[in-house]
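The sequence and the structure come before the discussion.

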Amino acid sequence: MIPPLAPDGARIISVDAIDRKILAELQADGRLTVTELAERVRLSVSPCHRRLRALESSGAIAGYRAHLDAHRLGLGFDALVFVTMHEAVQDTVQAFESAVEDIEQVVAAQRLFGDPDYLLRIITRDLPAFQRLYDERLTTLPGVQRLSSTLVMKDVVADRGLPLEHGLAPGRTSQRTAGRRSAP
């Protein structure tokens, strides 16, 4: 059976219970050494390292980075901006998305179905910095009909890892472990 395609056109990879444990441990602490990771998932170092490299090369692990605390770094203003476009024609959408990618204060941007067309999460130092960004950059983005913003009061769930146990498609275990327990 050929694995299905992800939205980006890449094949969805099969992961087994050990791969899910590796992914969960790395989501919790991306600085683990291979030795520490192997201990946590109860593998010897070599098989753990092979699995880790396979997950990286498949694209399941897209990268590693530090999680920064915006408030401690003086970036305490967090806003959500809803964007409605005049019309969603390809050239305008591409120009808008390209311009949004160039605004470093936009920490997340999502294209939505329905109205509004986009959701932007913007982090700045304070309200005056947000107002300048809003007036000078956001209102001039290509194709924008309307902007509507709201302030984030607090994060209830933030930067949660992926739901590895329950979020995977049914039947996503690898052929070598399906229906039996085997050594890695």
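## A buried charged pair

Arginine 51 and aspartate 19 are both buried, in a model that is predicted. The two residues form a salt bridge with each other, in which the closest N and O atoms are 2.8 Å apart. This pair links distant parts of the chain, since arginine 51 belongs to helix α3 (residues 45–58) and aspartate 19 to helix α1 (residues 17–28), with 32 residues separating them. In the structure as a whole there are nine salt bridges.

Because arginine 53 and glutamate 56 are three residues apart in helix α3, about one helical turn separates them. Arginine 53 is partly exposed, its relative accessible area being 39%, and glutamate 56 is likewise partly exposed, with a value of 22%.

A further salt bridge joins arginine 121 to aspartate 78, the closest N and O atoms lying 2.3 Å apart. Arginine 121 is in strand β3 (residues 118–124) and aspartate 78 in strand β1 (residues 77–85), so this pair ties together parts of the chain that are 43 residues apart in sequence. Arginine 121 counts as partly exposed at 24% relative accessibility, whereas aspartate 78 is buried, with a relative accessible area of 13%. Elsewhere, salt bridges with shared partners join Asp16, Asp19 and Arg51 into one network.

## Packing of helices α2 and α3

Helix α2 (residues 34–41) packs with α3 at an angle of about 100°, and the axes of the two helices are 9 Å apart. Because angles from 65 to 115 degrees count as roughly perpendicular, α2 is described as roughly perpendicular to α3. On the α2 side the contact is made by Val34, Thr35, Leu37, Ala38 and Val41, and on the α3 side by Val45, Cys48, His49 and Leu52. By class, the residues of this contact divide into seven nonpolar and two polar, with no charged residue.

What is the order of the four strands in the open sheet? They follow one another as β2-β3-β1-β4, and the pairing is antiparallel.

Strands β2 and β3 run antiparallel and are joined by five bridges. Within this pairing, arginine 111 stands opposite tyrosine 118 in β3, while glutamine 110 stands opposite leucine 119 in β3. Helix α5 (residues 127–136) packs on the sheet, where it touches β1, β3 and β4, and the direction of α5 makes about 135° with that of β3.

The two strands β2 and β3 form a hairpin with six residues between them, and glycine 114, which lies in the turn, has a positive phi of about 85°.

How values were computed:
Residues numbered from 1 in each chain as written. Predicted model: local features only at pLDDT ≥ 70, side-chain atom pairs only at ≥ 80, totals over all residues. Heavy atoms only, no water. Salt bridge = Lys/Arg side-chain N within 4 Å of Asp/Glu carboxyl O. Buried < 20%, exposed > 50% of the residue type's maximum accessible area, 1.4 Å probe, protein only. Axes fitted to C-alpha atoms, helices over the stretch in contact; angles between N-to-C directions. Parallel < 35°, antiparallel > 145°, perpendicular 65-115°, else oblique. Contact = heavy atoms within 4.5 Å. Nonpolar A, V, L, I, M, F, W, Y, C, P; charged D, E, K, R; others polar. Pairing = 2+ DSSP bridges.
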